[in-house]
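Please have the sequence and the model at hand while reading.

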Amino acid sequence: MAGQPWDASYHDGPPPWDIGVPQPAIVRLASAGGFAFTPRTPKAGLRGDAGAVLDAGCGTGENTLHIASLGVSVLGVDVAETALAIARKKAADRGIEVEFAAADAFHLDRLGRKFETVLDCGLFHTFDADERPAYVASLASVTEPNGILYVLCFSDEGPDTGPHPISQEELRAAFNPSSGWNIVAIERDRIQTRFHNNGAPAWFATIKRI
Ligand SMILES: C[S@@+](CC[C@H](N)C(=O)[O-])C[C@H]1O[C@@H](n2cnc3c(N)ncnc32)[C@H](O)[C@@H]1O
């Protein structure tokens, strides 16, 4: 059954989070060089997938496609096949070289690949507290030592918070040295949705793999 409820959310038009363009916070991060050290053509001495980016829970791929359009090697994964089909069609229509695959975020090790940079845009906040340790361990299993994880999630600082808002304490409880991570920064940001005029309050966390 994994993935079927999520898949259904893509059946009748775009779901609330699917704004048809990359999240502004991700565009800013990319412009600031957040993915810049991950060239599609590996530098001499780097093995095939070193330096690649993983977009976990990529949906219909706007963030993945934006990163790929910068010439970065990126894999977008999701459980929703309908979302992946839409993402692949966008890539073909736009002529962007990118990879999308069906994968469960709780078993990323099954990809058999490691990534220098991982993006979680709107996935972490969908998991309940008791699910987070397994997800965090799964992320750790595919992130290179000193690799960077970016998490953009709804924050609990109102007004007009999104569903499943997350506190800073919850982020720190999930990502800490005992789970293999150090939080570098947690900054206030916004997540745009189809139902918020100016987005919902968000945390943008930069987290480093130990
Ligand atoms: C809120 S949406 C965000 C989608 C996309 N990142 C964006 O910014 O538009 C969360 C996405 O995570 C996917 N997802 C949920 N649980 C997942 C899991 N266990 N493994 C992989 N993807 C999952 C859903 O199908 C959905 O596309």
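Where is the place of H164? H164 lies in the loop between β5 and α6; helices (H or I, at least four residues) and strands (E, at least two) are DSSP runs, numbered from the N terminus. This is a predicted model, in which local features need pLDDT of at least 70 and side-chain atom pairs count only at pLDDT 80 or more, while totals for chains, interfaces and linings use all residues. Residues are numbered from 1 along each chain as its sequence is written, and side-chain values use heavy atoms, with hydrogens and water left out.

- Most residues other than glycine have a negative phi, and most peptide bonds are trans.
- H164 is not a glycine, yet has a positive phi of about 55°.
- With a relative accessible area of 49%, H164 is partly exposed (buried means under 20% relative accessible area, exposed over 50%, partly exposed in between, with a 1.4 Å probe and protein chains only).
- D160, in the loop between β5 and α6, likewise is not a glycine and has a positive phi, of about 65°.
- D160 counts as exposed, at 52% relative accessibility.
- P159 is also found in this loop, between β5 (143-154) and α6 (168-174).
- The peptide bond that leads from G158 to P159 is cis, its omega being near 0°.

**Helix α4**

- Helix α4 covers residues 81-94, has 14 residues and reaches 20 Å from its first C-alpha to its last, close to the 20 Å expected at 1.5 Å a residue; the expected span is 1.5 Å times one less than the number of residues.
- The buried residues of α4 are A83, L84, A87, K90 and A91.
- Seen down the axis of α4, these buried residues fall within an arc of 120°, so they line one face of the helix; the arc is that of the directions from the helix axis to the C-beta atoms.
- An α-helix has 3.6 residues a turn, so residues three or four places apart point the same way.
- Exposed residues K89, A92 and D93 are carried on the face of α4 turned away from its buried side.

**Cysteines**

- The structure holds 0 disulfides, a disulfide being a pair of cysteine sulfur atoms within 2.5 Å.
- C121 is in no disulfide, and the nearest cysteine sulfur, that of C153, is 10.0 Å away.
- C121 is buried, with a relative accessible area of 16%.
- C153 is buried as well, at 0% relative accessibility.
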